[in-house]
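The sequence and structure are shown first.

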Amino acid sequence: MNIFVGGLPFKVDESELREIFEKYGELTSVKLIIDKQSGRSKGFGFVEMADDEAGQQAISALDGTELYGRTIGVRVSEDKKPDKRY
DNA sequence: GGTGAGCGA
């Protein structure tokens, strides 16, 4: 399941994001959005978990919690691509 | 820099 993660401190990277969510289940994908203008984190990212129930638990456990002094927001992500058929 | 939505195989 795809998960949106916002409110991240600009100091975290994909490796840290992965470690955080891996505590609740196996991850299949981790994407931390990097601003190409500055090369730094945009403060949010996406995490895909192998198990849907584990993803729900991760959202419930991590949403509203603090990370490096910042309160993060974790939500379910619908899709990253509109459509790829034609 | 802040409540945010990814762009590559």
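## Terms and model

Strands are DSSP runs of E with at least two residues, and they are numbered from the N terminus. Asn-2 has its place in strand S1. The model is a predicted one.

## The sheet

Four strands make up an open sheet in the order S2-S3-S1-S6, and their pairing is antiparallel. From one strand to the next, the twist averages 20 degrees.

Strand S2 (residues 27-35) and strand S3 (residues 40-49) run antiparallel and are joined by seven bridges. Within this pair, Ile-34 is opposite Ser-41 in S3. The hairpin of S2 and S3 has four residues between the strands, and Gly-39 adopts a positive phi near 80 degrees there. At the S1 and S6 pairing, four bridges connect strand S1 (residues 2-6) with S6, again in antiparallel fashion. Gly-6 has Gly-73 in S6 as its bridge partner.

## Helices across the sheet

Helix H1 (residues 14-22) lies across S1, S2, S3 and S6 and runs at about 145 degrees to S2. Helix H2 (residues 52-62) lies across S1, S3 and S6, with a direction at about 150 degrees to S6.

## Aromatic cluster

Rings pair if their centres lie within 6.5 Å, and planes over 60 degrees apart count as edge-to-face. By this rule there are three aromatic pairs. For Phe-44 and Phe-46 the ring centres are 6.4 Å apart and the planes stand at 80 degrees, so this pair is edge-to-face. Together with Phe-4, Phe-44 and Phe-46 form one aromatic cluster.

How exposed are Phe-44 and Phe-46? Phe-44 has a relative accessible area of 27% and is therefore partly exposed. Phe-46, with a relative accessible area of 29%, is likewise partly exposed.

## Surroundings of Asn-2

Asn-2, in strand S1, has a relative accessible area of 28% and is therefore partly exposed. Which residues does Asn-2 touch, not counting those up to four places away in sequence? The contacts of Asn-2 are Val-47, Glu-48, Val-76 and Ser-77.

Asn-2 and Arg-75 are 73 residues apart along the chain, and their C-alpha atoms are separated by 9.0 Å.

Conventions:
Residues numbered from 1 in each chain as written. Chains lettered and ligands numbered in written order. Predicted model: local features only at pLDDT ≥ 70, side-chain atom pairs only at ≥ 80, totals over all residues. Heavy atoms only, no water. Pairing = 2+ DSSP bridges. Axes fitted to C-alpha atoms, helices over the stretch in contact; angles between N-to-C directions. Contact = heavy atoms within 4.5 Å. Phe/Tyr/Trp six-rings, centres within 6.5 Å; stacked < 30°, edge-to-face > 60°. Buried < 20%, exposed > 50% of the residue type's maximum accessible area, 1.4 Å probe, protein only.
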